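Subject: Structure handover

Hello,

Here is the structure you asked for. Please look through it first; my notes follow below.

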Amino acid sequence: MKTLIKLANLKKVFSTDEVETHALSDINLEIKQGEYLSIAGPSGCGKSTLLSILGLLDTSSEGCYTLNGHDVVDINAKQRAAIRNKEIGFVFQSFNLISELTVAENVALPLTYRKDLSKTERTELVTAALEKVDMGHRTKHYPSQLSGGQQQRVAVARAIAGNPSIILADEPTGNLDSKNAELVMALLDKLHAEGATICMVTHDPRGAKRAERIIEIFDGRIVSDSPTSETHIEEAVA
Amino acid sequence: MNILSDINFAFRTLIKNPKFTALTIFVMTTGLTLCIYMFSFIHGSLVAPLPFENGERIRAVDTIYNGMQYQGTSFRVHDFEDIKKRVQSYEVFDAYDQGTVNLSTTDRAVKYTGHYVKESFFEISEAKPQLGRLLTNDDGLSGAEPVTLISHTLWQNMFAGDKDILGKKLRINTEPTTIVGVMPDSYQFPSAGRIWLPYTTTAKGIARKDGDYVAVYGVLKPGISDEQANAELRSLMAELEESYPKLNSNTSAHVWTLQSAAMGSGTPTIILAMELAVGFILLLACINVGNLLFSRAIEKGKETAIRTALGAPRSRLIMQMMWESTLICTISGVLAVLFAGLWLEVANKDLLSSFPFDPPFWWNIQITQSSIIAAIVITLVTALITGILPALKATSGDFNATLRDGTRGAQSKASGRLSKMIVISEVVLSCALLLLSTGMVYSVNQQNNIDYGTTIEDIFTARVGLPEAEYKSDEKRLQYYQNLKATLLAEPEISAVSLTRTIPGNGASYQNILLEGVDYGKKPQYPSSSSVGVDHNYFSVMTINLREGRLFDSRDKIGSPLTAVVTDKFVNKFFKDGVALGKRFKFIETDNDWYTVIGVVNDVIHGQPMSFNIEKPTAFISIQQTPKRFMSVVIKTVASDAQNVPNLAKIVADSIQKVERDAPAYDIKTLRNSIIGRNAGMNFVSELFLVFAAASMVLAFSGIYGVMSNTIIQKTQEIGIRRALGADNSDIYKYFIKQGLKQLVIGLAIGVPMGVALVTMLEESSIAQGSLMLYFSVPAFISFIILLAVYYPVSRALKMEPCEALRHE
Ligand SMILES: Nc1ncnc2c1ncn2[C@@H]1O[C@H](COP(=O)(O)OP(=O)(O)OP(=O)(O)O)[C@@H](O)[C@H]1O
Ligand SMILES: [Mg+2]
């Protein structure tokens, strides 16, 4: 399989007036195309920070980051935005749908930032994405008219609408009850089965078990990186 | 003690947010200060009744001639007497006359405006002499001993406050006159007077066309409205017009308060414009503060929802929020009264000293009891408006939704709609106001820089009036002119001297004329022209250019056929074929002789440079043919700027006094100053409007900026989401600018026509002037301000990394 992401000696330091927080230190990580990866670790260990850097929502303080063979450390804001748009799909814990936009408009949002799509192509992609998450019947609704699980499924549809290279999900089930969490997890499974690359942060051991590979972070360092079958998830996350 | 604890709570909230509090108080104080200032100004100068028992019913009765309102001695005494016989609407209907009088004692001579008055004049103005007695109607009977009443100032200046002044004699226009009383200086009806004489003007035995002009005043009967009085006057004047078609063509009359009369005919429009402007500003201030409070209430939406869930009644929550706005408005109100009072004090000194006349005695432009009452009312109303709407809105949402809603859906949508409304109304108001005020400033600026058609800078002027008794004959007057010019020219500082009846910028006599060979029909509507008597060298001294024909010369003298030099406008208006030379016309009222046009010169503006004066044609006539007693001397100095010659005023005054002891010079000043003085009122008003415009711009900018940065802060997370989904900076800018643009376009679509309508309204009274340049640049400027107000907060939000924005609460 082709290497999609390569991090080498990556560091992230948050400096405020008084304190320096070493959120990530010496991160070396490779993610292959089609992999389903889960990141675990105690609260505050740096999971979200890592995901933000992977998603180009934040910059690293030091180190190399290659995405699809391209160096993405020294590129400008416009190029970063374009990569976020084409290569990355985000799913957030708090859904982050835009309340003034309908379901269809929310899903279409990333596509509107592309110059190369016609309106009909856009509509087709949106419909396809919503069908995939089983939300095709709610296109005209506003987020506030949906349940939490439905909102998150719409958020997943938005993440996959543009066929990104990788889906980054930060505790996608954190705000959901177990039944809805199960639904969203099943959805990610299905996407993975269809070939999507997924990198997910989760506290939920059962969720983590669904991934093929699990990475544990402690205090900003990767302390273990192994296929799921070899790990005692319960222990690792405790 | 809920109220006390609520007030206490509101107070603590304000102290905890000093920036917010300072901003709201600043905005509110700005609005209220302008409002209170304006109220006090209008009230003190215009609305407050005269301080007499019947003050509310005292009116000036003035003529309207060719649609122009005239004032002061504007009634032909024949018309006045005819009308007095028949009017029904008045308790008192009388006239007084006004004239320049020369006073001389054994050692000095001075010149003042005297009032020739009847008993009723003193009665309605509740006059009480400081010494002696008032004048009676008997004093005016023919054969009565000549008597006069002098002012306190005159008594002090001319007689050093002589205790035995009563019974002493004073030469008034060369006639020995007995002083029967002294008036206190506080008596200034209808303007500051120096000397009062018995009213003797009469129509008896005088041909109508030679009739003197008098000023008419009246006291309306209780219950009679101005409309009723005006209707009656109109019909009486119409009858006179029918009876005397030549003399009274286009002449009507109306009543107005002395206050309005003193401010001039454009005043109601100016006042309306001021009130509109101040209203707009106050509205802007209210909208801004209301919005600030509202967005604060939205920020605390969750807190409010929790309180509601815990059982707090809505009325209590509203009350709590209301106290905040009440505190803000009250503090602002107090500050505003202080600032307005200070401003009034400074502005008054400035204004009053720049006026060419003494301000009317009833002016009481300061913070009075009524301005305090007005301030309290305005403050309470603004507190209510700025408080209740946000409070109602903030507590009306479904609190359950607020508690549940992670995406701040319901409330942010409501606040989004409101923000849009606010931006739109700020654009509308500031656009209208800015157009209005720049239109006024533009017009005043144009008036100040207008080409009067003559030299202005190096000219010095003084006015002289010859005593009637000694200067009855034309020969004596001509001799005086000769002497005057020779004496002045003997001074080394003076290089040229000429004479005119009216200097540029001053109102000239505007008369009906009759063109030879034109049939004006049975009900004649005669055209009018200014007429200005000038000495022969006037054109060269004043640099007025000859277009064709010739100027006055030695051929134009007493006894030779009357001649006139007319302006371009005169030719364009009256001679369609463009041929003026050799044509003849006559002034209907004053002369029966024909004037022959011998020359055409460029236009010269007489009167304030407003369009109706600029459009007036002028006929110059020769004072060598028709010498008059009153005239202005125009003096060219050796220095290029008359202002630079030291002591020039004294040199001129002394020289003139040398020529004729009983004809002292007055109004001695540079032509430039005379013109500035005439425009002082408008300059003041336009400066005020500049302040309004600046205030409106500051408020609109801060308001729109506030709204936008609020919206953007509320949308920080959304910005983060959009960026996470791949929006780059330009996408984000585009998104917000597009939103702002929509509101801008709507706002301009309402504001520009509104502003243009206001300017057009004021254009009619020559108070404002629009121009395409303004109509484009004002909206462009506002668009720029709005874009700035959008751009700045967005760029600040974009400085955050997207992940930070996402985490923003
Ligand atoms: N903007 C920031 N400024 C300063 N420190 C930060 C910032 N963002 C994160 N941190 C710090 O970096 C460390 C890692 O944070 P991060 O959000 O990545 O943790 P996490 O593993 O996602 O935790 P959780 O499981 O609770 O979400 C924490 O110690 C946090 O306090
Ligand atoms: Mg996290």
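Helices (H or I, at least four residues) and strands (E, at least two) are DSSP runs, numbered from the N terminus. On that basis, β2 (20-32) and α1 (47-54) of chain A each supply at least two residues of the shell around ligand 1.

Some ground rules. This is a predicted model, in which local features need pLDDT of at least 70 and side-chain atom pairs count only at pLDDT 80 or more, while totals for chains, interfaces and linings use all residues. Residues are numbered from 1 along each chain as its sequence is written, chains are lettered from A and ligands numbered from 1 in the order in which they are written, and side-chain values use heavy atoms, with hydrogens and water left out.

The ligand site

A residue is near a molecule if one of its heavy atoms lies within 4 Å of it. Around ligand 1 there are 13 residues, and Ser43(A), Gly44(A), Lys47(A), Ser48(A) and Thr49(A) come nearest. With three residues, α1(A) gives the most to the shell. Residues from both chains A and B surround ligand 1, so the site is shared between chains.

On its own, ligand 1 has 630 Å² of accessible area (Shrake-Rupley method, 1.4 Å probe), and the protein covers 69% of it.

Aromatic rings

Rings of Phe, Tyr and Trp (its six-membered ring) pair if their centres lie within 6.5 Å; planes under 30 degrees apart count as stacked, over 60 as edge-to-face and the rest as tilted. The whole structure has 30 aromatic pairs over all chains. In one of them, the rings of Phe570(B) and Phe585(B) have centres 5.2 Å apart and planes at 50 degrees, so the pair is tilted. Phe570(B) lies in helix α17 (residues 568-574) and Phe585(B) in strand β19 (residues 584-587), both of chain B, so this pair ties together parts that are 15 residues apart in sequence. Both Phe570(B) and Phe585(B) are buried (under 20% relative accessible area, with a 1.4 Å probe and protein chains only).

For Phe689(B) and Phe692(B), the ring centres are 5.1 Å apart and the planes at 70 degrees, so that pair is edge-to-face. Both residues lie in helix α21 (residues 680-714) of chain B, three residues apart, about one turn of the helix.

Regards

Definitions and conventions
Buried means under 20% relative accessible area, exposed over 50%, partly exposed in between (1.4 Å probe, protein chains only).
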